[in-house]
Amino acid sequence: MDRSTIASHPHIWWSNSIFFVSVHLAALVGMYCLPPTLVSWPTLALTYAMWQLAEFGITIGYHRLWSHRAFRASMGVRFVLALLGSAGFQGSIKWWCLRHRLHHRFTDDPIHDPYAATRGLLHSHMGWIFFKPTYTRMELVDRDDLDRDPVVRFQHKYYIPLALFFGFAVPPLIGALWNDALGAFVWAGLVSRLAVWHCTFFVNSLAHWDGLQPFSDENTSRGNFLLAVLTSGEGNHNFHHAFPHDYRSGPWIHTWDPSKWVILLLHQFGLVYGLRQARDEDYKEALAYMNHKSLGGEPPLKEYANEEQDSPRKSVGNTYQHWSVAATKLYVREHSERCFLLLNGWVVDVTPYLGEHPGGASLLRRYAIRPGEDDEADAHTWLDASWAFDGGLNNHSRAAVKRMRELRVAKIELPEDAGLACVQE
Ligand SMILES: [Zn+2]
Ligand SMILES: [Zn+2]
């Protein structure tokens, strides 16, 4: 299917569209018949609580835990987050995460980014959910971790009854405690669903449209304080796109990020662990680079990728060794526990990066150098990751390019006719 076909004739997702519009109409009618002045304080408090809890299910669970693996969580925490996220009515964890991973891998691409900001504010906000396009690159998105998680599998299977129960049945059941089941249904059920929806959607629309870009201008993502307040911290979107595996939405203690505060609280109780964050040197370098750029010049990448500080496996002096295929194989065999790639003529040890790779470790391992018996044959069959890295599979960030330079081990000298297998999807 070519680009124009996908863009001009996507199928309308009727069931989703009808449900989405109906909830809006019902909420509007409800608010008209039952304005806030006629609603009791406990019901309004419940409305706020149901909004925030579902929002946390999305931001902490769907987004930071499952989409980006920014931390790990006990089964109990995962289960609670899955239920809270269901109440956000944004699809199952699996459905949501796969599309979000596409968004990060192909940010702003009008075809491959499900909510590409380049297609306009309305499309990125909610227009995209009215359609059911075929995402031709979905196959490239790592889903093994989602399929392995029993909580994700359970929630995917029972998503609709869970969403209906926690989104629309629980509020009136709680409201009945103070004899306001109807008010709780309208406000904590219908109206708070709209709040969760549109606040999340703002991250895809406004946070790619208005705000600051202190960490990167490689895509449209921006940091917006007002949005951060509305979205439990997710509005600091420019940092997030630059360092998506970070459990925080900003590097500073004063960054407005209630989702981070909850994660830290859970961490104190030992309920979540393995919190991942960007290296200080990386985010400071990104800030310095952008600052330099804002002052009128684009510094060359090498200025910020200090080759002198590279890995200890690097050769003597300031130059890299040049390895033959045989020497490369010997080194790879001696370090069989590590993962090496061929990237633009370099042997790169990506082992320290496996856990950080937004596309998942398994994708990197797919490209790993596997030494065989025959040098000449190896040189023809090793996979060259260059095409994938240089935009074929993903728009890799400047920070990722810098990191790959740091992880270089040696320059490889291939036979004239080597012609590495350049894997194209
Ligand atoms: Zn984004
Ligand atoms: Zn994200």
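S205 sits in the loop that runs between α10 and α11 (225-230). The model is predicted. S205 is buried, with a relative accessible area of 2%. Beyond its neighbours within four places in sequence, S205 is in contact with L121, S124 and H125.

## Overall make-up

The chain has 425 residues, of which 53% count as buried. It has 20 helices and 10 strands. Among contacts with a separation of 6 or more, 73% are between residues 24 or more positions apart.

## Zinc ion, ligand 1

Which residues coordinate the zinc ion (ligand 1)? The donors are NE2 atoms of H103, H208, H237 and H241, at 2.1 Å. Along the chain these residues follow the spacing H-x104-H-x28-H-x3-H. H103 belongs to helix α5 (residues 93-105) and H241 to helix α12 (residues 237-242). The two are 138 residues apart, so this pair links distant parts of the chain.

H103 is buried, with a relative accessible area of 0%. H241 is buried too, at 8%.

## Zinc ion, ligand 2

The zinc ion (ligand 2) is coordinated by the NE2 atoms of H63, H68, H100, H104 and H240. The distances are 2.0 to 2.2 Å. The donor residues are spaced H-x4-H-x31-H-x3-H-x135-H in sequence. H104 lies in helix α5 and H240 in helix α12, so this pair ties together parts that are 136 residues apart in sequence.

Are H104 and H240 buried or exposed? H104 is buried, with a relative accessible area of 14%. H240 is also buried, at 5% relative accessibility.

## Nonpolar cores

The largest nonpolar core holds 48 residues. Within this core, W66, F71, I93, W197 and V272 touch the most other members. Elements that give it two or more residues are α2 (14-33), α3 (41-67), α4 (75-86), α5, α8 (150-157), α9 (159-175), α10 (181-204) and α13 (258-268). The largest share, seven residues, comes from α10.

Take V272 as an example from this core. Apart from neighbours within four places in sequence, V272 is in contact with F71, R72, A73, V77, I263, L266 and H267. A second, separate core has 19 residues, including W346, L354, A385 and L407.

V141 lies in the loop between β3 (131-132) and α7 (144-148). V141 is buried, with a relative accessible area of 5%. Not counting residues up to four places away in sequence, V141 touches L98, R101, L102 and R105. Helix α5 covers residues 93-105.

V141 also lies 6.8 Å from G359, C-alpha to C-alpha. In sequence V141 and G359 are 218 residues apart.

## Helix α14

Helix α14 (residues 280-294) has 15 residues. It reaches 21 Å from its first C-alpha to its last, close to the 21 Å expected at 1.5 Å a residue. Its buried residues are D282, Y283, E285, A286, Y289 and M290. They cover an arc of only 155° around the axis, which puts them on the same side of α14. An α-helix has 3.6 residues a turn, so residues three or four places apart point the same way.

G296 follows α14. The phi of G296 is positive, near 120°.

D108 is not a glycine, yet it has a positive phi of about 80°. D108 lies in the loop between α5 and α6 (121-125). At 13% relative accessibility, D108 counts as buried.

N179 is not a glycine either, and its phi is positive at about 60°. N179 is placed in the loop between α9 and α10. Is N179 buried or exposed? N179 counts as exposed, at 74% relative accessibility.

Terms used:
Residues numbered from 1 in each chain as written. Chains lettered and ligands numbered in written order. Predicted model: local features only at pLDDT ≥ 70, side-chain atom pairs only at ≥ 80, totals over all residues. Heavy atoms only, no water. Donors = N, O, S within 2.8 Å, 3.2 Å for Na, K, Ca; no water. Helix = DSSP H or I, 4+ residues; strand = E, 2+ residues; numbered from the N terminus. Buried < 20%, exposed > 50% of the residue type's maximum accessible area, 1.4 Å probe, protein only. Expected span 1.5 Å × (residues − 1). Arc of directions from axis to C-beta. Core = buried A, V, L, I, M, F, W, Y, C linked by side-chain atoms within 4.5 Å. Contact = heavy atoms within 4.5 Å.
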